[in-house]
Amino acid sequence: MSDAPSVALHGRTYKVPQKPTVIICVDGFDPEYLEAGLVAGILPNMAKLVSDGFHATAECSMPSVTNANNVSIITGAPTSVHGIATNYFLDRETGKETMIVDDSLVRGSTILAEMAERGVRVAAITAKDKLRKILQRGLDRSDAICYSTQFASDDVLAWLGYDARPDQYSAELSLYVLEAGVKLMREGKADLFYLTLSDYVQHKYAPDEPEAQKFLATIDKRIGEFLELGAVVAVTGDHGMSDKSDADGNPVVLYVQDELEKKFGSGCARVICPIADPFVVHHGALGGFVRVYVPESHAQLVPAMAEHIGTFDKVEVSLLKEEAAVRFEMPLDREGDFIIVATNNAVLGAKEAEHDLSGLKGHRLRSHGGLSEQHIPLMLSIPLKNAKAKGNWKNYDIFDITLNSQ
């Protein structure tokens, strides 16, 4: 382990780990899952974190989607600093809709990379390969471990004792991440672990459903194994999750581009759903936040468009890009012309014809992206050290409190 006392990044200082340190990002970890599990008595190790360590309900970055928040967590900064405020965006220079699947748009380094540079042995394992290519920023080195279970090599699978990769729409995609972390720790191969999961289960099952509780109970068991091995363990989420269906089980959706074109004419705008990624079967790319890009020919209509769409009952806020960037700490130069956030029981889409909801297969639509999915747990297995009272915790405080409390 490194002799260097600390590393600095984006205005924060982080001590190198004094013990094996595990930071887990449970994708879609709404506080309701923790609460339901604690009430049911199936999360004894998380209960121990709450009682003996530190626990708060924190907020994630906006929009409440995977890429934005994983990058915030590993940089300890809001999206305005690192530049990734979406999974999917419209590239104004090329006019092409673009999915973020690597680190080419990330601004600056990461805590993981800085720790590796100081000689800390880092293991970054993710369920989704799109995140692996982001986490690997600065970790392309022989003494660091970085891979996804989605595309795990045959050697990794054999090491774990499996003969096939898990399906991308399965609980196992996440659970293999934690199994790998435990095995690496038992073999003494890393000092600092970042383990980030998939939200397949949370999209499909509510907190009180057996499938969700079984999934969380297994995560809890792995946390217990880390604790038994002497690790400092911290747990948070990248975003929460909300039910987006009505009493009859039908999705509550506002198709924003359809509504704008009804009012302002065909081609007046392009609506981009930042929740879109290669895992859309369980939510049809419908989420609580969209960006609207308006061509130069209609630029004078932007304020009127934003005001019009803000009148719909499924909309919580509609903000021009300048106000949105300030309010949500997002990078202004990568914003749409205006943004829309849905109410807590609704989702937003572009054009109805572009969203395939057949993958729901009788399940209620559960999704995220909006303000109602900003809340996530923030837990640590040891008490905070030298920490002042803070009223507004962020998920990207997790490396700070974990490393600086040892």
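A residue counts as buried when its relative accessible area is under 20%, and as exposed when that area is over 50%. Keep in mind that this is a predicted model.

Take Phe 193 against that cut-off: its relative accessible area is 0%, so Phe 193 is buried. Phe 226 also counts as buried, with a relative accessibility of 0%. These two residues form a tilted aromatic pair, with 6.4 Å from centre to centre and 50 degrees between the planes. Phe 193 sits in strand β9 and Phe 226 in helix α10, 33 residues apart, and the pair links distant parts of the chain.

The count of aromatic pairs comes to five. Another one of them joins Tyr 162 and Tyr 176, and this pair is stacked, at 4.0 Å centre to centre and 15 degrees between the planes. Tyr 162 lies in the loop between α7 and α8, whereas Tyr 176 is in helix α8 itself. Tyr 162 is partly exposed at 28% relative accessible area, while Tyr 176, at 9%, counts as buried.

Now the helices. How do the axes of α11 and α12 cross? They come within 11 Å and cross at roughly 120 degrees, so α11 and α12 are oblique to each other. The crossing is right-handed. On the α11 side, the contact is made by Val 256, Glu 259, Leu 260, Lys 263 and Phe 264; α12 contributes Ala 304, Met 305, His 308 and Ile 309. By type, the residues of this contact are six nonpolar, one polar and two charged.

That is where I will stop.

Notes:
Residues numbered from 1 in each chain as written. Predicted model: local features only at pLDDT ≥ 70, side-chain atom pairs only at ≥ 80, totals over all residues. Heavy atoms only, no water. Axes fitted to C-alpha atoms, helices over the stretch in contact; angles between N-to-C directions. Helix = DSSP H or I, 4+ residues; strand = E, 2+ residues; numbered from the N terminus. Parallel < 35°, antiparallel > 145°, perpendicular 65-115°, else oblique. Left-handed = near helix turned anticlockwise from the far one by under 90°. Contact = heavy atoms within 4.5 Å. Nonpolar A, V, L, I, M, F, W, Y, C, P; charged D, E, K, R; others polar. Phe/Tyr/Trp six-rings, centres within 6.5 Å; stacked < 30°, edge-to-face > 60°. Buried < 20%, exposed > 50% of the residue type's maximum accessible area, 1.4 Å probe, protein only.
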